Amino acid sequence: MTEANRLSFSYLCKSVFICGLFFLVAGAGTAARAQGGGKAEPGRIEFKRGATSTTISGVVRNDEEAEYVLSATQGQRLIIKLTNTPAKSSCFDLKGPDGVGVGLEYDCNWNYSKVLPATGEYFLVVARPSQARGTSRYRLTVMIR
């Protein structure tokens with residue numbers, strides 16, 4: 001192999017290495033963006049066998065929302081209790097099976113009790129009432145009777 005061929009081969013190897021490294025880094029960045037920026041499925045609220053309530057703890061930061069879904073039957077009473085730290089730092093919204101609210105929008109009273117008007121999936125969102133930077137640690141107790 002001549003000196004010119006050896007230099008050309010060396011240059012080619014370096015170019016392939018740099019391109020491969022570029023695609024590896026770009027791919028990792030894309031995966032991180034998809035992981036952090038994509039919309040996750042809501043958490044399913046389920047009750048242990050024989051139980052009528054469950055408690056979920058979580059954190060919402062800045063403008064994040066925590067989303068949950070639960071199945072319920074028309075005529076059941078749904079009771080939601082929300083406590084948080086710092087006090088009054090998060091609220092909740094509840095949508096019925098048809099996607100329409102059930103008489104509240106981001107309720108910051110932290111206690112809700114209502115007989116459900118329809119059978120199906122209810123969608124519950126916990127969020128901070130302010131768009132300002134901050135963190136809310138919450139505890140959500142959901143009861144169905």
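Which residue in β6 is the bridge partner of Leu78? Keep that question in mind as you look through these close-ups of a predicted model; the second view has the reply.

View 1. Welcome to the overview. The chain has 145 residues, and 29% of them are buried. Its accessible surface comes to about 9600 Å², and carbon and sulfur atoms hold 56% of that area. Among contacts with a separation of 6 or more, 77% link residues 24 or more positions apart.

**View 2. Strand β4 is paired with β6 in the antiparallel sense.** Here you can see residues 77–85, which form β4, beside residues 111–115, which form β6. Five bridges connect the two strands. One of the places to look is Leu78, whose bridge partner in β6 is Lys114.

View 3. To find your place, look for Thr83, which stands opposite Arg139 in β8.

**View 4. Four strands make an open sheet in the order β2-β8-β4-β6.** The pairing in this sheet is antiparallel. β2 and β6 each have a single partner strand and stand at the edges, so one side of each has no neighbour in the sheet. From one strand to the next, the twist averages 15°.

**View 5. Strand β2 pairs with β8 and has two contrasting faces.** Nine bridges join β2 to β8, and the two strands run antiparallel. Two pairs make handy landmarks: Val59 has Arg137 as its bridge partner in β8, and Arg61 has Thr135. Which residues of β2 lie on its covered face? They are Thr54, Ile56, Gly58 and Val60. The uncovered face carries Ser53, Thr55, Ser57, Val59 and Arg61.

**View 6. The largest nonpolar core has 22 residues.** Tyr68, Leu78, Ile80, Leu124, Tyr138 and Leu140 touch the most other members of this core. Two or more residues come from each of β2, β3 (65–72), β4, β5 (91–95), β7 (120–127) and β8. In soluble globular proteins, nonpolar side chains tend to be buried together.

**View 7. Ile80 is in contact with residues well beyond its neighbours within four places in sequence.** Setting those neighbours aside, its contacts are Phe92, Leu94, Trp110, Asn111, Tyr112, Leu124, Leu140 and Thr141. Ile80, Leu124 and Leu140 are also among the core members that touch the most others.

**View 8. Gln131 sits in the loop between β7 and β8.** Is Gln131 buried or exposed? Its relative accessibility is 64%, so Gln131 counts as exposed. Glu64 is 67 residues away in sequence, yet the C-alpha atoms of Gln131 and Glu64 are 9.3 Å apart in space.

**View 9. Residues 19–36 have pLDDT under 50.** For this stretch, the model has one contact beyond four places in sequence. Across the chain, pLDDT averages 78, and 67% of the residues score at least 70.

Notes. Residues numbered from 1 in each chain as written. Predicted model: local features only at pLDDT ≥ 70, side-chain atom pairs only at ≥ 80, totals over all residues. Heavy atoms only, no water. Pairing = 2+ DSSP bridges. pLDDT = per-residue confidence, 0-100. Contact = heavy atoms within 4.5 Å. Core = buried A, V, L, I, M, F, W, Y, C linked by side-chain atoms within 4.5 Å. Buried < 20%, exposed > 50% of the residue type's maximum accessible area, 1.4 Å probe, protein only. Areas by Shrake-Rupley, 256 points an atom, 1.4 Å probe, with all protein chains shown as cover. Axes fitted to C-alpha atoms, helices over the stretch in contact; angles between N-to-C directions.
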